[in-house]
Amino acid sequence: NISSLTEDELTLLLPLTYRIAFQAMRCLRIAMDNGADTILFFLFVPALAGTSLFTATEPRSLQAVALLLLSSLCYGSQHLRWNGEWLLATFFGVFLVTIGSQLGSMLPLLIGAACFSVLRYLSRSY
């Protein structure tokens, strides 16, 4: 009875080439989904307040710091697999935005977030 099998158990029944293709497409979907969430939290949420987290060349205002923490907390709240993971992901979000603002680009943020989500998916416990 395969109706009670999990997704992982079902993929183990696939031939190896199909399983690899499935995992590759699943990782691509996860990376794109996380990229969309990252853009939402770190680009559009601050834009609602009329600011950007990636153009600040002078020291950050209190509003920009509050928006950075709020955006990072929203980003971190997606990661709730184990106790404290959301806090780690929140600090990771602050780190990524800091790197991105220093480089003046959102690309490092997107790449870092996508890699984090894909590695998180691949190393999940069964």
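Predicted model: local features only at pLDDT ≥ 70, side-chain atom pairs only at ≥ 80, totals over all residues.

Reader: Is Thr11 buried or exposed?

Author: The general idea is to compare the relative accessible area with a cut-off, and buried means under 20%. Thr11 has a relative accessible area of 9%, so Thr11 is buried.

Reader: Which residues is Thr11 in contact with, leaving aside its neighbours within four places in sequence?

Author: With those neighbours set aside, Thr11 is in contact with Arg19 and Phe22.

Reader: Let us turn to nonpolar cores. Which residues make up the largest nonpolar core?

Author: The idea here is to look for buried nonpolar residues joined through their side chains. In this model the largest such core has twelve residues in all: Phe41, Phe42, Leu53, Phe54, Leu68, Tyr75, Ala89, Leu96, Val97, Met106, Leu109 and Ala113. At least two residues of this core come from each of helix 2, helix 3 (62–76), helix 4 (85–103) and helix 5. Helix 4 gives the most to this core, with three residues.

Reader: What is Leu68 in contact with, leaving aside its neighbours within four places in sequence?

Author: Leu68 is in contact with Leu53, Val94 and Val97 on that count. There is also a second, separate core of six residues, including Ile30, Ala31, Ala114 and Val118.

Reader: Where does Ala31 lie, and which residues does Ala31 touch, not counting residues up to four places away in sequence?

Author: Ala31 lies in helix 2. Beyond those sequence neighbours, Ala31 touches Ala114, Ser117 and Val118. Ala31 and Ala64 are 33 residues apart in sequence, and their C-alpha atoms are 27 Å apart. For Arg120 and Ala31, the separation is 89 residues in sequence and 11 Å in space, C-alpha to C-alpha.

Reader: Which helices each supply at least two residues of the lining of the largest pocket?

Author: Helix 2 (16–48) and helix 5 (107–122) do. Helix 2 gives the most to the lining, with five residues. By residue type, the lining of the largest pocket divides into two nonpolar, four polar and five charged.

Reader: Is Arg120 buried or exposed?

Author: Arg120 is found in helix 5. Its relative accessibility is 18%, so Arg120 counts as buried. Compare Leu107, also found in helix 5: at 51% relative accessibility, Leu107 counts as exposed. Leu107 and Thr90 are 17 residues apart in sequence and 18 Å apart in space, C-alpha to C-alpha.

Reader: Last topic: how many disulfides does a search of the whole structure find?

Author: The way to check is to look for pairs of cysteine sulfur atoms within 2.5 Å. A search of the whole structure finds zero disulfides. Cys115 is in no disulfide, and the nearest cysteine sulfur, that of Cys27, is 11 Å away.

Reader: Why does Cys115 count as partly exposed?

Author: Partly exposed covers values between the cut-offs for buried, under 20%, and exposed, over 50%. Cys115 counts as partly exposed because its relative accessibility is 42%. Cys74, at 26% relative accessibility, counts as partly exposed too.

Key:
Residues numbered from 1 in each chain as written. Heavy atoms only, no water. Nonpolar A, V, L, I, M, F, W, Y, C, P; charged D, E, K, R; others polar. Buried < 20%, exposed > 50% of the residue type's maximum accessible area, 1.4 Å probe, protein only. Core = buried A, V, L, I, M, F, W, Y, C linked by side-chain atoms within 4.5 Å. Contact = heavy atoms within 4.5 Å.
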